[in-house]
Amino acid sequence: MFLPLMSSQKKMNNQIRNKLISLVVVLWLAVFYYESTCYYYLQPLFNRELPKMKFLFPPAGWIMFYNVGDDFGYAEVYGVKNGTPELIDPHQILQTRAIGYDNINRNALLTVLTPGEDRSFCPFLRRKFPYFDKFVITYVEYPHLAEQPFEKTQAVVYTCGE
Amino acid sequence: MKNTWNTLFLEDRPSIGLSFFRIFVALTVGLHVIPSFFHLDDNYLSTAFKALNSTFFPLAFINWVQQSPDALVIFFVWAFVITWFCFLIGLFSQISCILMTACCYYFYALNSFHIGTLSWDILLVTLFLMCVTPYHGDYFSVDALRRGDTDAWRRTRPFFIQRLLQLQTASTFFFTGLYKITGEGNWITGNPIYYLMNYPVQGVTKNFILKEWMAVHPQFCYVTGLMIVATELTLPFLLFIPKTRRAAIVLGLCWHVLLVLTLDVPTIFLFLFPAQMMLFIHPQKITDWIESKRRINAQSPRPKVTYDGGCGFCRSSVRVLQVMDLWSKLEYIPGPKGLSEMRLDFPDGKTYGGFFAFRRLVWILPMLYVMIPIVYFPGAGILGPLVYRWVARNRYLFPVFHSCASGKCHL
């Protein structure tokens with residue numbers, strides 16, 4: 001009598017366990033595929049902005065290297081002392097060394113060109129490089145890498161005053 | 001339909017693959033995050049330059065995290081290091097995974113500048129799945145040693161977490177390929193590989209042997225690009241077809257090696273993605289392989305571990321050795337009560353005792369490999385025997401596994 005009871009109890013526990021797992025799996029797959037396709041496929045399909053789940057997925061899906069253009073741009077930072085500008089090695093600005101890759105080559109410094117970032121970046125530069133009187137943050141662009149590899153433009157984006 | 005669902009997600013399968021994967025997830029998280037702690041003033045303290053990821057986090061959460069005083073940041077650094085280490089060694093695996101993930105979120109919200117990349121988001125999705133169950137602590141873990149379960153390596157669990165991780169890997173591959181040729185992707189209309197090869201030195205392309213040659217051969221680059229897209233679109237399917245799985249795993253591994261050699265891609269590409277490929281190996285095949293190795297070893301002459309059979313602590317310690325003895329390379333002989341030290345006798349006649357027996361064991365048991373630098377550290381040959389003798393003298397005072405206390409510990 002006891003053994004069959006035990007086995008039916010185990011069977012019921014297994015059923016509950018399987019239902020719970022199935023629920024988790026279905027919910028997860030729904031969210032995962034929704035978030036993977038939302039920005040570039042679902043939104044154009046429904047022609048409106050769809051809700052985005054925070055805290056877990058990237059904003060536009062898995063778009064690694066999906067669009068690599070013929071142009072390339074990066075940030076250059078100059079320290080100015082007595083009116084003479086001097087290029088600051090980007091590795092001196094971002095001293096954190098990642099393992100197996102170079103964050104500078106991933107163009108991490110491009111972030112400093114985002115509008116509003118000067119509020120945080122200027123005090124940072126002044127603290128790290130007190131020698132300089134002011135800083136000039138520029139954007140360097142190669143507009144046509146393949147056709148004109150040496151054509152390069154450079155423009156000042158903002159300056160960090162004294 | 002129901003049977004397929006059961007096979008896909010509900011069937012119990014050995015969790016050893018997931019346990020092995022845990023180590024790679026921990027290494028990836030540690031190697032990605034810990035370097036950013038060496039310049040706290042640049043990265044996280046009030047003096048840092050910060051980039052905030054407002055598309056990933058709600059603004060209210062970011063503002064809340066940004067109010068952190070420096071002392072709280074330092075607290076989180078220590079919390080991360082401790083929980084990360086616990087997760088790496090598999091101590092309270094699930095709890096440590098949850099706490100470590102919480103710390104990751106904290107630092108990501110505090111400053112996404114160094115750690116925030118698209119592959120970091122993939123890592124967070126992986127961590128989320130790892131937080132759901134404790135299965136990843138079943139083996140290659142301190143948890144397994146604490147439990148003293150000698151069959152931990154063949155323990156079976158519902159397969160759904162490993163399956164979801166497989167689906168995540170395969171889907172990431174697929175969508176990465178799909179985005180390249182649809183929407184704003186330009187791998188059909190443009191020649192991205194050619195552009196990458198012509199990037200200036202500041203760019204993401206590393207200097208590798210073929211780079212200069214490829215930079216002047218656009219047609220080769222275009223075909224390479226198409227082959228990359230074709231691989232990304234087909235690999236997910238090849239990984240799930242049993243006949244092509246092995247080739248697909250090798251292809252996936254080579255894929256990531258090539259990526260790391262040619263592009264400045266984050267640590268995650270080097271440590272996590274190749275390990276994700278290994279998740280496609282059927283766990284039953286792994287345990288069958290281990291079982292066959294154990295059978296072969298059991299039939300060959302093996303080193304004998306002789307211990308004090310009348311001491312609960314010694315029996316417990318031998319139980320721990322047994323848990324770690326994945327290949328069944330040792331034979332365990334209970335010696336007479338009061339035996340002063342553990343003996344390790346090799347079939348060729350060599351004999352070691354006490355600390356020096358333990359020092360030999362670290363070469364035999366893979367889970368003890370991490371102890372090699374410690375037991376061979378300069379001075380360990382002097383200090384080690386002293387510590388061993390102190391432990392041996394007080395061995396009757398140490399706690400033991402409940403099942404080993406009565407002398408009925410099954411070894």
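Trainee: What percentage of the 162 residues in chain A is made up of buried residues?
Mentor: This is a predicted model, in which local features need pLDDT of at least 70 and side-chain atom pairs count only at pLDDT 80 or more, while totals for chains, interfaces and linings use all residues. Residues are numbered from 1 along each chain as its sequence is written, and chains are lettered from A in the order in which they are written. A residue is buried if 20 or more other C-beta atoms, placed from the backbone, lie within 10 Å of its own, exposed if 12 or fewer do, and partly exposed in between. By that count, the buried part of the 162 residues in chain A is 22%.

Trainee: Why is chain A described as more spread out than a compact globule?
Mentor: Chain A holds three helices and four strands, and its C-alpha atoms fill a box of roughly 95 × 40 × 30 Å along the principal axes. The globule rule is 2.2 Å times the number of residues to the power 0.38, and the radius of gyration is taken over C-alpha atoms. For 162 residues the rule gives 15 Å, so chain A is more spread out than a compact globule, its radius of gyration being 27 Å.

Trainee: What distance separates the centres of domain 1 and domain 2 of chain A?
Mentor: Chain A is divided into domain 1 (1-65) and domain 2 (72-160), with bounds that come from an automatic or database domain assignment. Taken over C-alpha atoms, the separation of the two centres is 43 Å.

Trainee: Is Asn47(A), which has a positive phi, buried or exposed?
Mentor: Asn47(A) is found in the loop between helix H1 (2-46) and strand E1 (72-81) of chain A, where helices (H or I, at least four residues) and strands (E, at least two) are DSSP runs numbered from the N terminus. Its phi is near 60°, whereas most residues other than glycine have a negative phi. Because Asn47(A) has 6 C-beta neighbours inside 10 Å, it counts as exposed.

Trainee: Which element gives the largest share of the side of chain B that touches chain A?
Mentor: Two residues are in contact if their C-beta atoms, placed from the backbone, lie within 7 Å, and on that basis 55 residues of chain B are in contact with 49 residues of chain A. Among the elements that give two or more residues to this side of chain B are helix H8 (118-132), helix H10 (160-181) and helix H15 (267-278). The largest share, nine residues, comes from H10(B).

Trainee: In what order do the four strands of the open sheet in chain B lie?
Mentor: Two strands pair if DSSP finds at least two bridges between them. Five bridges join E3(B) to E4(B), which run parallel, and three bridges join E3(B) to strand E5 (residues 343-345) of chain B, which run antiparallel. The edge strands, each pairing on one side only, are strand E4 (331-335) and strand E6 (351-353) of chain B. The pairing is mixed, and the order is E4-E3-E5-E6.

Trainee: How many of the five residues of E3(B) are buried?
Mentor: Helix H17 (residues 312-324) of chain B lies across E3 and E4 of chain B, running at about 155° to E3(B), where axes are lines fitted to C-alpha atoms, for helices over the stretch in contact, and angles run from 0 to 180 degrees between N-to-C directions. E3(B) is largely enclosed by the rest of the structure, because its buried residues number four.
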